[in-house]
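The structure is shown first.

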Amino acid sequence: MTVGLRSTRNRRENYNTDFRPLNKRRNHQSIRKLSWLMLFEHEDSYRYIPQKGDEVAYLRQGHKEYIESSGTSEVGPWNFVKGLKAVEFCKVQDLDYSTLPGSGDSCCKLTLGFVDPSSSAFGKSFRITMPELDYFPDFLVERIRYDASIERNWTHRDKCQVWWRNADRDGGSWWGGRILAVKPKSSEFPDSPWERYVIQYKDDSSGQHLHSPWEFHDASIQWEHPCIDNETRNKLLSSIAKLEKTSITNEDCHGVCKLSQVAQKSDFLNRFPVPLSLEVIKRRLENNYYRTVDAVKHDASVMISNATSYFSKSAEMTTRMRRLSEWTMRTFSL
């Protein structure tokens, strides 16, 4: 019995196996590889999928190892900011979606601003391109998740569980293990929690494995993802429902019905790195996917940008998309 592909970036069955609304699934021409950025809800296990407005823990050591192992031409912020700590707290100030050269896979281009007043980098920012990390652990961790994992104070002899993806990438499972040692992975970063824990898995002969505390699952603790408060979420869902209802009777003056139709077509799905629609935004709200209203507003702006580009040759639809843009600005500016 050997461990499969380790990844805090696992897939599970709630992956949107078709970008199109669930009530209409048709076999059109080939649709490109599914995007990790099109989930409707959080997965059973944890991995970081960026949302605008997030506060995150940035692990310098992990980023450095990722750059060295991936061969990316990007440089880390330590090249232009002196005195960076092993863990810095940042905010996702900007988030753009793009595709990776060669593979065409979707990725995020993040602008991260340092927000810790005690840091030498406070007030500065840097850019990072973040693909789906299939074979590398998270070096960006949502702040609440990070704090909870540190406060748990995992120590020698503790039992833990870690998610490992199956070798065929289809699903995965929790593996039970025990912490054999707690020590810095590198003398260069003596205080870093990055892969500080030596784990031996039960009934596994593949040897010991290094992990970070945010990869651990404690079965006795129910982890809840941070999300928008219920009152705000319900208000937004009510506004969307009203828009959808009135679009049927006002000749679709906001273009909602038309956008819903094209969102099912492969030429729309294949054209954009993250082909968001009002249906996706609604489903994410229903499933408490969003952590902040800023994240909802960002998705809405991406949806409008995509639709405006798609309908650029239609003066009528361009006007309707302008109305929809004005509606989203009013509705999501809480």
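## Largest cavity

In this predicted model, the largest cavity has a volume of about 90 Å³. The structure holds three cavities of 30 Å³ or more.

The lining of the largest cavity includes Leu39, Glu41, His42, Glu43, Ser45, Tyr46, Arg47, Ile49 and Gln51, together with His225, Tyr289 and Arg291. By residue class, this lining comprises four nonpolar, four polar and four charged residues.

## Second largest cavity

A volume of about 70 Å³ is computed for the second largest cavity. It is lined by 13 residues, of which Pro50, Gln51, Tyr97, Arg284 and Asp299 are the closest to its centre. Gln51 is also listed in the lining of the largest cavity.

Strand β3 (87-99) and helix α7 (293-310) each contribute at least two residues to the lining of the second largest cavity. The largest share, three residues, is supplied by α7. Eight residues of this lining are nonpolar, two are polar and three are charged.

## Packing of helices α3 and α8

Helix α3 (residues 230-249) and helix α8 (residues 315-331) have axes that come within 11 Å and cross at roughly 155 degrees. Because angles over 145 degrees count as roughly antiparallel, α3 is roughly antiparallel to α8. The crossing of the two helices is right-handed.

On the α3 side, Leu236, Ser239, Ile240 and Leu243 take part in the contact, and they meet Leu324, Trp327 and Thr331 of α8. The residues of this contact comprise five nonpolar and two polar, with no charged residue.

Definitions and conventions. Residues numbered from 1 in each chain as written. Predicted model: local features only at pLDDT ≥ 70, side-chain atom pairs only at ≥ 80, totals over all residues. Heavy atoms only, no water. Axes fitted to C-alpha atoms, helices over the stretch in contact; angles between N-to-C directions. Helix = DSSP H or I, 4+ residues; strand = E, 2+ residues; numbered from the N terminus. Parallel < 35°, antiparallel > 145°, perpendicular 65-115°, else oblique. Left-handed = near helix turned anticlockwise from the far one by under 90°. Contact = heavy atoms within 4.5 Å. Nonpolar A, V, L, I, M, F, W, Y, C, P; charged D, E, K, R; others polar. 1 Å grid on protein atoms, 1.4 Å probe; cavity = no way out; pocket = protein on both sides within 12 Å on 5 of 7 lines; lining within 4 Å. Points joined across faces, edges and corners; volume = space filled by probe spheres on them.
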